[in-house]
Amino acid sequence: MKLRQFRIRIRRMRARWWVLSAVVVLALAGGGAWWIIAAQTESAVATPVAQTVAASLETMEQSVSASGTLTPTVQEEVSFAASGTVTGVNVLAGTVVAAGDVLATVDTLTVDAEVLAARATLASAAAKLTDSQDASDGSTAALAQIAANTASVTTAQNAVDEAVAAQNAVTLTAPVAGVVTVVNVAVGDVISAGTSSSGAGTAAAGATAAAGTGGTTTASTAAFTIVGTDSWTVDLTVGEADAALIAADNQVELSLDDGTAFFGTVSEIGLLPSTTTGVAAFPVVVAVTGATDGLYDGVAVTAAIVYERRTAVLTVASAAVTSVDGASVVTLKNADGTEISTPVTVGATVGNLTEITAGLAAGDEVVVAAFTPGSGNAGTTGTDRTFPGGEMPTGDFPAGQMPGGTNNG
């Protein structure tokens with residue numbers, strides 16, 4: 001009996017020992033979890049590391065943004081000055097020509113006949129003038145007849161000059177260099193001076209332009225259309241407020257959708273706005289300068305018209321400038337590592353930079369407001385500060401960026 005009671009007592013002691021062990025384990029586990037959470041919380045509110053940037057001399061620009069379309073400066077429509085039948089066409093749509101290259105020719109039968117007829121008319125008018133002068137008795141009627149005959153001679157001479165010019169123009173040449181984008185005539189077409197033939201369009205009419213002119217087509221009644229490829233303009237529109245800022249000869253930074261960058265200058269600003277969209281929009285023409293490789297007719301262009309550019313402007317990151325009692329201040333970090341709140345006078349703010357007109361020198365190191373990891377609050381040493389205008393910005397910023405877009409470090 002005593003042995004049985006002893007065994008029961010041993011079993012109860014073992015059960016109590018297991019319960020006690022479990023309590024100890026749970027307590028240790030709970031303490032470890034609390035320690036981890038506490039460590040993470042402490043890490044989340046860790047003291048921010050001060051970052052500094054140097055005041056530096058920069059170029060500051062003010063610009064107006066706009067978008068438009070690229071257009072060739074040279075776009076010539078070329079027609080025959082002579083009438084007749086086309087005897088030769090020397091180019092196709094897409095042919096690159098130089099000024100003076102032969103485009104087409106017509107026969108000389110018609111123009112030769114027109115020259116002969118014009119000269120005959122001139123001879124007859126001259127004879128009448130001579131007769132009236134010889135027969136004149138000085139009366140008013142006689143003098144009037146002489147004046148009329150003189151006018152007839154002048155008219156006849158002009159006709160001869162035009163006929164001779166047409167005779168010389170039986171060979172049509174390119175007046176400018178460029179790419180032939182439209183050919184509206186073919187061999188055998190009968191044409192009249194200044195117009196394309198009734199059979200226009202039978203040979204490459206409205207043909208697609210060659211590479212270098214954007215692959216566009218041009219509707220034209222002229223015999224040929226030539227588009228230059230070495231001179232371009234960009235047609236833009238800007239609002240009324242922006243139009244008041246810009247002026248002729250302002251530099252323009254231009255770019256295509258594929259990233260191609262080039263430059264130009266404002267050549268013309270329209271005096272009258274367009275209001276088709278309900279908002280006043282002034283036309284602006286920009287002349288492209290420099291290299292023109294890779295430019296095409298009709299492509300979209302993004303433009304920044306620089307109306308103010310200043311060099312050697314002392315600036316700091318905008319995030320370094322705070323406000324104390326309505327005054328702008330920065331935290332200046334001395335060479336020995338000490339920091340001091342320094343009042344400054346600010347000028348323009350462009351992008352991520354603020355101009356400093358007084359209070360700092362180039363190379364001075366200033367503290368940039370940094371966010372405490374996980375807290376969402378900014379902190380700097382010294383006096384409490386806010387950004388100009390009131391509240392400190394809160395929330396997350398893109399990786400590697402300070403408030404206002406300034407790069408960390």
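I worked from a predicted model, in which local features need pLDDT of at least 70 and side-chain atom pairs count only at pLDDT 80 or more, while totals for chains, interfaces and linings use all residues. Residues are numbered from 1 along each chain as its sequence is written, and side-chain values use heavy atoms, with hydrogens and water left out.

**Ser132**

I found Ser132 in helix H2, residues 109-135 (helices are DSSP runs of H or I of at least four residues, strands are runs of E of at least two, and both are numbered from the N terminus). Ser132 is buried, with a relative accessible area of 11% (buried means under 20%, exposed over 50% and partly exposed in between, with a 1.4 Å probe and protein chains only). Leaving aside residues up to four places away in sequence, I listed Gln145, Ile146 and Asn149 as the residues that Ser132 touches, where contact means heavy atoms within 4.5 Å.

**Sheet with S4 and S9**

I then followed an open sheet of four strands, ordered S7-S6-S4-S9 with antiparallel pairing (two strands pair if DSSP finds at least two bridges between them). Its edge strands are S7 (171-173) and S9 (190-191), each pairing on one side only. Strand S4, residues 84-89, is joined to S9 by two bridges, and Thr85 stands opposite Val190 in S9.

**Sheet with S8 and S10**

I traced another open sheet of four strands in the order S3-S10-S8-S5, with antiparallel pairing. Strands S3 (75-78) and S5 (96-97) each have a single partner strand, so one side of each is left without a neighbour in the sheet. Between S8 (residues 178-183) and S10 (residues 224-227) I noted four bridges, and the bridge partner of Val179 in S10 is Val227.
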